[in-house]
Amino acid sequence: MEKRNRRGFAHYATLGLLGLGALGLTLLAGFMAAVMAPGALVKMFAVPIGLLGLLGLWVMPMRREAPDSLLNTLLLALAALINLWPAYIVYRFGGLPTVSPTKLAWLALLLLATFSILSCQGPMARLLTRCRAHPVLVSATLFLFAWRVVSSAAGSQPVAQVLSLGAEVVSYYLVFFIALAVLRDERDVFRLLITLVLVAIAQACLASYESVLKHTLFERFITLSGEDPLVLLDMLRQKFRDGNYRAQGTFEHPMVLAEFLAMMVPLAAALFFTRKEVLLRWASLGFIPLAVAMILASRSRSGIAVLVLAVLLVGLLKLLPRQTGGNEHKASLALLTSALLLPVLLTLGYYAMHEVSALIAGRTGNEVSSTLGRIVAMERGVPLVLNSPFFGYGNGMGAVKLGFFDGVRYNIDNYWLGVALDAGLPGLLAYGVVFLGAIFLGLGVYRRRLDRGGTLAGFITISLMMVIGTKTVLSIASGMTLAFILIAAIIVLGEPTEDLRRKQQDEPDSVVK
């Protein structure tokens, strides 16, 4: 009884100290509001107030039930908004930070997910179980986060470079662990992918309408500040190539539209093969040719190249042997199908690679110039990486060191080169471990599971390969948030299903023949 009273006193004493700290911060913010702009005040006190809130949640007793349905709804809403709401449409209220539906979705998910993970048993148990089951993948993600901070702290402007990592920390690493805790099972993963494919259908329809009108659909909603005219000028400059209009949908660049649609094509094919709903299956099937047409309308050579690669990868995925559970007839049929399809795929692959090589080299003067610019960037970038191979130059400084300035911003046009310049070879290696580890995990789930969950894991793997391919010619961070969510989805699909658990329980502990 005495120990219990001591614990209760310590618990309430800790809460009281946290409450006094929050009161002190509130009073300090009130005094500083007279001399500071509202936006600067919010940014200054957001971190300490957030830390106090986390400490308060940590000392509170764990609850058994969590708002799992609401958390999944917020995750679906965020996945839809980041790929549908135009990033250039924001709302300004005086000196406060800009507001948009996407930012509000981020805020709601981060607050509720953090509260649920720290105060509820279910999300925390899922997170810890999945982290223990995949130590290499999770450790690589944590190392990548830590190394990005360390390499930026070692840069020429350590404070500014570390603070500039805020968006990456939230949209890459935090969302990855939140998805691990929020997604409950295969059904939640299917809901996520259905939402993404529906968003992709809407995006493709908007891009089709834009291609007919030949102007940005939401240009009259763009709000301008002091720096925005240059950004808008750069957007308009990217809208035409060799006199042809480039569709971009609601994204900030035509190549981002091509990247997103290329990622969604394998997922739409997965829904067609795995779902029973007639309307959803035919909508997914109809989306594929529409996506191909819009990738062509974006005039993005990388989108076309990875789309061709996706078709070949789907064929190779079907050739990959899967466990048949001792069914010799299925094994023989799969072997025969592979033997018949392999020559066809090799022939198509040869001609496809020939066309892709010509496409990458460039068919017009502007395309050839673009390709040569990327080659020159690699020629300059590789020696710079070798000059600082360990820490790099810190976040955002690699592009400055490279020196490609287009009048608006410094460009690299290669995400992986940018990572090597900013975080050195350890950062690039950590990215490789995360993505390649997820790909091998997805292929393992595809081979092990013969049901629709295994098929889904295989097609998600192809989507991750699309991200790796497009980032070789695109430095915009678009698609990376979705990629980390999909990696979490593969981990969820790799968990034993109820049918498998039941089968393992029914089988004897050991069978010797």
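A residue counts as buried when its relative accessible area is under 20%. In this predicted model, Glu-186 is at 17% relative accessibility and therefore counts as buried. Glu-186 meets Arg-449 in a salt bridge between their side chains, with N and O 2.4 Å apart. Arg-449 lies in the loop between helix H17 (415–448) and helix H18 (452–470), while Glu-186 belongs to helix H9, so the pair ties together parts that are 263 residues apart in sequence. Arg-449 is also buried, at 9% relative accessibility. The contact is part of a network of salt bridges that links Glu-186, Arg-449, Asp-451 and Arg-452.

Helix H9 covers residues 186–213. Its 28 residues should span 40 Å at 1.5 Å a residue, and the end C-alpha atoms are 41 Å apart, which agrees. Lys-214 follows H9. The phi of Lys-214 is positive, near 60°.

The count of salt bridges comes to 11. One of them joins the side chains of Glu-495 and Arg-130, at 2.6 Å from N to O. Glu-495 sits in the loop between helix H19 (480–493) and helix H20 (498–506), and Arg-130 sits in helix H5 (residues 121–133), so this pair ties together parts that are 365 residues apart in sequence.

Arg-275 is buried, with a relative accessible area of 14%. Glu-277 is partly exposed, at 36%.

Cysteines were also examined. A disulfide is a covalent bond between the sulfur atoms of two cysteines. The count of disulfides in the model is zero. Cys-120 is buried, with a relative accessible area of 0%. Cys-131 counts as buried too, at 18% relative accessibility.

The surface shows a nonpolar patch of about 310 Å². Leu-104, Leu-107 and Leu-111 make this patch. Leu-104 is placed in helix H4 (residues 101–119). At 48% relative accessibility, Leu-104 counts as partly exposed.

Conventions:
Residues are numbered from 1 along each chain as its sequence is written. This is a predicted model: local features need pLDDT of at least 70, side-chain atom pairs count only at pLDDT 80 or more; totals for chains, interfaces and linings use all residues. Side-chain values use heavy atoms; hydrogens and water are left out. Patches are made of residues with over 30% relative accessible area and no salt bridge: like charges are joined within 9 Å, nonpolar side chains (Val, Leu, Ile, Met, Phe, Trp, Tyr) within 5 Å. Accessible areas come from the Shrake-Rupley method with a 1.4 Å probe; for residues, only the protein chains shown count as cover. A salt bridge is a side-chain nitrogen of Lys or Arg within 4 Å of a carboxyl oxygen of Asp or Glu. Helices (H or I, at least four residues) and strands (E, at least two) are DSSP runs, numbered from the N terminus. Buried means under 20% relative accessible area, exposed over 50%, partly exposed in between (1.4 Å probe, protein chains only). A disulfide is a pair of cysteine sulfur atoms within 2.5 Å. The expected span of a helix is 1.5 Å times one less than its number of residues.
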